[in-house]
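Visitor: Please take me through one part of this model in detail. I would like the sheet, then the loops and helices that go with it.

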Amino acid sequence: MKKLLISILFLVTFVSMMHVSGLFRLSQMFDHANATFVSQERLPIIDTHVHYNTPAWEVYPPDAIINLLKKSGVVKALVSSTPDEGTRMLYKEDPERIIPFLRPYHDDINSSNWYLKDQVFPYTLKRLEMPIYKGIGEFHIHNHIDTDSPIIQKTVRLAVERDLYIHVHSDHRAVETIFSYEPKVKILWAHAGMSDPPDVISSMFDRHKNLWVDISIREHEIAPNEKLAPEWEKLFLKHADRITIGSDTWINAQWDNYEAIIAFDRKWLAQLPDDVARQIAFENAKRLFDR
Ligand SMILES: [Zn+2]
């Protein structure tokens, strides 16, 4: 009797274990099917203008940022931060997803004074000893007449020597000056010049083969009321291989709004021919930075 009871108990346990594991497999299959469906539905994005600055660290810890990228279908992100430690924190969390750029700002060194401070260049060299960086920047040149300053020239030369990109926030005149003293440098031009119009961007592309742009902050100019503006459409069709998506998470409000920013970009991308949309969404950034 006791033996029979033990056998029945054993059988029941065995059957229920099979049942549970079967259910588990079924739910895994369901998840997988769901993921495949989602990835076919949404255009993958590589976000080439991300910052993870100090004020974001507590509100959005590294794992929360990575989850936000995943949720938004952002397969990779080009990150630079004030201070650079933020970039390293995200890289540590997900080295496959994060493309680190080295930003020189830290302590009292900021976008307005970095090119005047002697300690910036040694700091840059020191940080680059960690061999994770694909570029230097995003840095600002608020006034194009400063582009000739020795620290900016040295930084640009260093980028060429190390085969790094520079991510530059400036107008087209500063970009012209940089190319005049270092024609070989590869520039990711932040915000496509911020205020330079599409025809100026287009002529910059015609003159400089090592120039690419991210369109961060300009999405509502590109697609007022979600409808792609004709002058931007013309630029995208003519120079589809030079343009990348960017969000610019320079303040926490941009992180609060992150999914909406990326979703908005997908709306105007959908109004372009498929191959052009794919280049701008992720193929260009993958070719340039994911090597
Ligand atoms: Zn920025």
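Guide: The open sheet has eight strands, in the order β1-β2-β3-β4-β5-β6-β7-β8, and the pairing is parallel. Strands pair here if DSSP finds at least two bridges between them. Strands are DSSP runs of E with at least two residues, helices are runs of H or I with at least four, and both are numbered from the N terminus. The edges are β1 (45-50) and β8 (243-244), and each pairs on one side only.

This is a predicted model: local features need pLDDT of at least 70, side-chain atom pairs count only at pLDDT 80 or more, and totals for chains, interfaces and linings use all residues. Residues are numbered from 1 along each chain as its sequence is written.

Now look inside the sheet. Strands β3 (residues 98-102) and β4 (residues 135-140) run parallel and are joined by two bridges. F101 has G135 in β4 as its bridge partner. Strand β4 also holds E138. The peptide bond from G137 to E138 is cis, with omega near -10°.

A cis bond also links T82 to P83, with omega near -5°. P83 sits in the loop between β2 (74-79) and α4 (85-93).

Two packed helices are described by the angle between their axes and the distance between the axes. The axes of α3 (residues 62-71) and α4 come within 9 Å and cross at roughly 70°. Axes are lines fitted to C-alpha atoms, for helices over the stretch in contact, and angles run from 0 to 180 degrees between N-to-C directions. The two helices are therefore roughly perpendicular (65 to 115 degrees; under 35 is roughly parallel, over 145 roughly antiparallel, the rest oblique). In α3, P62, D63, I65 and I66 meet M89, L90 and E93 of α4; contact means C-beta atoms, placed from the backbone, within 7 Å. By class, this contact has five nonpolar, no polar and two charged residues. Ala, Val, Leu, Ile, Met, Phe, Trp, Tyr, Cys and Pro count as nonpolar, Asp, Glu, Lys and Arg as charged, and the others, Gly among them, as polar.

Two further loops deserve a look. M194 lies between β6 (186-189) and α8 (198-207). Its phi is near 65°, positive in a residue other than glycine. M194 is partly exposed, with 13 other C-beta atoms within 10 Å. D248 lies in the loop between β8 and α11 (252-256). D248 is not a glycine either, yet has a positive phi of about 65°. D248 counts as buried, with 22 C-beta neighbours inside 10 Å. Buried means 20 or more other C-beta atoms within 10 Å, exposed 12 or fewer, and partly exposed in between, with C-beta atoms placed from the backbone.

Conventions: Two residues are in contact if their C-beta atoms, placed from the backbone, lie within 7 Å.
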